[in-house]
Amino acid sequence: MNRSKSEQYYAEALEHIVGGVNSPSRSFKAVGGGAPVFMKRGQGAYFYDEDDNKYIDYLAAYGPIITGHAHPHITKAITEAASNGTLLGTPTVLEIKLAKMLKEAIPSMDKVRFVNSGTEAVMTTIRVARAYTKRNKIIKFAGNYHGHSDLVLVAAGSGPSTLGIPDSAGIPASIAQEVITVPYNDLSGLEEALQKWGHDVAAVMVEPIVGNFGMVMPKPGFLEGLCKLAHDHGALVIYDEVITAFRFHYGSTQTYAGLDNHDLIKPDLTALGKIIGGGLPIGAYGGSKEVMEQVAPLGPAYQAGTMAGNPASISAGIACLEVLSQPGVYEEMERLTIKLTEGIQAAADRHGIPLTINRVRGSFSTHFCDHPVTDYEEAQDTDGEAFASFFQHMLNRGVHLAPSKYEAWFLTTEHTDADIEATIEAADSSFEAMAK
Ligand code: PLP
């Protein structure tokens, strides 16, 4: 496949944009390097690059594009919003409509506030939890990603009862000291941390279903135990549902069938983003009335935004949720994903390539290993070189995955049986080449 224009544009981008990309996850550093593909456009389940190559897209822009690219209902909503003014800086009726839709689908949120990204949403939930509890520390889980604000870019110390160390340059050690990281799916680690630090823990924050070291489900009882332990120690529970909300069903993890008793896994605060903006920048957070009343102008926790609640993002979000609320949408994505994952697994087995697939409805992750992946350590203990090789083979066969062994594959409402069959064929021939 000729991608010479992407190579030329990448060389040019490197001159002007740091690292040539506007988010490090877009670089191909983790998959053997080379020029990321410069896309000219996306349509439905497909990408078209600057060299006019066509790809089946499983990146879905890291999650938001669940209805495929340029969905006509969303495009129409954005166009109409833009023609009425892209940014008014005043309240609009649209914001009430989307807030009501979110509240109806996620009943733990009595009150909502819109922001511009998942990072902002998470960052603010932490501030609100600290304001409400008048405590400082946060407990998070290893490998859960919560955006790039200082407090959540912190790695584990050497055990659950040690304080964190910064995961990025530019974060003072004093800030990392406010964060404790424990293994996901490990209630005894959480209990140990709470016993030691619980008196000063404002919140336990979690990706309730993990999307950032592959797709990983909570073990039965994990979320229930987490909520109980946090509340017993006077800490709030924050669910980061930036990836998971509206991903698996019309709702969020807290309302997802098959998980623990919903009343017992109810968070105090929820952070949202991605899908709820239909492909435009957005974030939102919400929670119980009592906790949310900490937020300005009602309460002492300040949070603001010039772009927050802009009509284009809100209109795109409403339109996206309208598409997702149609009957059968999630069932069809799941049907295709089962067919795809069964096909990929069978092809890997046929060529003797160890592969573990974690699937949650219409999304899944591929781990090159022969053991289950239930926490970050197990996700790290997988063959990154095999993933890199698979990624490059798939790309050359017209299938675009996310360029990291930790990222998920996302199906959209636009993928078809023919796309799935073509992807299985590409995987089979990629595995064949890898096995040689
Ligand atoms: N939280 C989770 C679970 C995420 O996956 C992400 C982004 O991937 C974020 C927060 C940050 O969102 P954003 O990139 O919109 O700032």
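Predicted model: local features only at pLDDT ≥ 70, side-chain atom pairs only at ≥ 80, totals over all residues.
Residues are numbered from 1 along each chain as its sequence is written. Local features need pLDDT of at least 70 and side-chain atom pairs count only at pLDDT 80 or more, while totals for chains, interfaces and linings use all residues.

**Exercise 1. Overall form**

State how many helices and strands the protein has, and judge its radius of gyration against the globule rule.

Solution. 
1. Helices (H or I, at least four residues) and strands (E, at least two) are DSSP runs, numbered from the N terminus. The protein has 13 helices and 16 strands.
2. The radius of gyration is taken over C-alpha atoms, and the globule rule is 2.2 Å times the number of residues to the power 0.38. For 436 residues the rule gives 22 Å; the protein has 21 Å, which is close, so it is as compact as a globular protein of that length.
3. Along the principal axes, the C-alpha trace spans about 60 × 55 × 45 Å.
4. A residue is buried if 20 or more other C-beta atoms lie within 10 Å of its own, exposed if 12 or fewer, and partly exposed in between, with C-beta atoms placed from the backbone. Of the 436 residues, 50% count as buried.

**Exercise 2. Helix 13**

Check the span of helix 13 (residues 417-435), and find where its buried residues lie around the axis.

Solution. 
1. The expected span is 1.5 Å times one less than the number of residues. The 19 residues of helix 13 should span 27 Å, and its end C-alpha atoms are 27 Å apart, which agrees.
2. Buried in helix 13 are D419, I420, T423, A426, A427, S430 and F431.
3. Viewed down the axis, these residues fall within an arc of 135°, so they line one face of the helix. The arc is that of the directions from the helix axis to the C-beta atoms.
4. An α-helix has 3.6 residues a turn, so residues three or four places apart point the same way.
5. On the face turned away from the buried side are the exposed residues D417, A418 and A435.
6. Contact requires C-beta atoms, placed from the backbone, within 7 Å. The buried residues pack against strand 3 (54-57), helix 10 (329-350), helix 12 (384-396) and strand 15 (399-400).

Definitions and conventions. Contact = placed C-beta atoms within 7 Å.
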